[in-house]
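I opened my notebook to see how a few pieces of this protein sit together.

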Number of protein chains: 2
Amino acid sequence: MKHLLVLDSRGRKPGGETPLVCTPLVGRTRERVLAEAAHILPKSPDLLEWRVDHFGAIADTAAVIETLRELRRAAGRLPIIFTCRAKEGGGHRVPIGAKEVVALHEAVAATRMVDFIDFEIDNDAELVRHVRQSTQAQEVRLILSYHNHSYTPGHEFLVDRFLEAERLGADVAMVQVKPRERADVLRLLAATAEADTKVRIPLISMSIGPLGSVSRIVGGLFGSSLSFAVGEKASAPGQIPIDDLVTAFDIIRRARGGEML
Amino acid sequence: MKHLLVLDSRGRKPGGETPLVCTPLVGRTRERVLAEAAHILPKSPDLLEWRVDHFGAIADTAAVIETLRELRRAAGRLPIIFTCRAKEGGGHRVPIGAKEVVALHEAVAATRMVDFIDFEIDNDAELVRHVRQSTQAQEVRLILSYHNHSYTPGHEFLVDRFLEAERLGADVAMVQVKPRERADVLRLLAATAEADTKVRIPLISMSIGPLGSVSRIVGGLFGSSLSFAVGEKASAPGQIPIDDLVTAFDIIRRARGGEML
């Protein structure tokens, strides 16, 4: 597994096959976003993700940046992922189009108050390039993410989503897919493990929904460097409360007895 | 998943994709076997397995039966699996041959003090038939088990081990294999899930060692009806302490929110 961060929230080097834990914030207003952050920070996630597609004032860039400033103050040095998930990728419907989202990403990157920006790989290639340029210029890291909320594609296609993200200049590659049967969950994990041997950048993957929730627990063993955990409210189906996730990671770490893969 | 028992150790119907927990006893003497049982019974395993290959007096059938009598008394109505694992299957070296093991199984079945007898499917077909007959006559259930402590065979071969056990008249089919890489663990789980749709009997499977230990946690989601947990001492590499295993099962059950597959 390639690690996403040099240090986790406890100041330790991320170790072995234990993924980092990221908690999404899905508040509709500045007050709700900050209240969620205040609620979750004592639970020591390794990162926060602001899911700005849930933010009522998303069309008002100044309001977004103002809330981000307060979020950054609350989070201290904790890394923040800035994500505007599209409806088809499991996001909230937003009143702005893809070009406005790109402009928002550019403005947010320019503040340097976020550490990562997530952008969907299925966007127009020109937009992906634009986001790649504006994040690179500001030393913000780019997560290129593939989402399929209908089904889990075949093994080769999944492996290629990770490779394609790297080809397009991503700093992190993410794949999130919906399983229809339990074999789909295993295929997502196997594709992640194969991609992990083929790319240099860190990977994130998950199989969504109740059927896929186990991938959030064991994904680290197969190369996924981060798992999203529920803070106050799940941002995607199948997410697990942060306390449960950390406990499960501890059990797996003990069971493996520190073995190196 | 097909369930191995009508009721678990708490008198509940085994539910959903949570496997039963079985603790192996690996004492060398009667005193050690009984001490292990006394230690583990308060932790409420669903079954006990007596790994008689670790028993110093295995060649003395009367001594085996005498210890079994005391174990049965200590266990109350808790189901007991009686297993003489061969060296190649991860067992302790025993001073008796396959025919003597079969005679021991016949004598133990005749006492009706055990609920299950485990016999290795790779034994001579005539011996398998003999054990099948003596267990059937005494209403003891037969677990036919396949072991590979060198590597994980291919998908079709693994699926066929479960099918073959059913064809030979097993009441339960078990497959235990060693992974060399993480894809092997996923293949074992996928083969279990496929077999689960093809056979009528309950299945047990696990991928051994630190690399495979995760299969002991998530196997239930893929059709494995039982997981072996460490009591005092592991009987196979990668086994997890019973408390950790039960905690992990609880977390997975919550994460899946009671979804029906």
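**Entry 1: a helix in chain B**

I began with helix H6 of chain B, residues 182–196, which has 15 residues and reaches 22 Å from first C-alpha to last, close to the 21 Å expected at 1.5 Å a residue. (Helices are DSSP runs of H or I with at least four residues, strands are E runs of at least two, and both are numbered from the N terminus; the expected span is 1.5 Å times one less than the number of residues.) My note on sources: this is a predicted model, where local features need pLDDT of at least 70 and side-chain atom pairs 80 or more, while totals for chains, interfaces and linings use all residues. Residues count from 1 along each chain as written, chains are lettered from A and ligands numbered from 1 in written order, and side-chain values use heavy atoms, without hydrogens and water.

Is H6(B) enclosed or open? Eleven of its 15 residues are buried, so H6(B) is largely enclosed by the rest of the structure. (Buried is under 20% relative accessible area, exposed over 50%, partly exposed in between, with a 1.4 Å probe and protein chains only.) Among the buried ones I found B:Leu188 and B:Ala191. The buried residues pack against helix H6 of chain A, and against H5, E6, E7 and H7 of chain B.

**Entry 2: an arginine**

I looked up B:Arg51 in strand E2 of chain B. B:Arg51 counts as buried, at 4% relative accessibility. Leaving aside neighbours within four places in sequence, its contacts (heavy atoms within 4.5 Å) include B:Pro24, B:Thr83 and B:Ser235.
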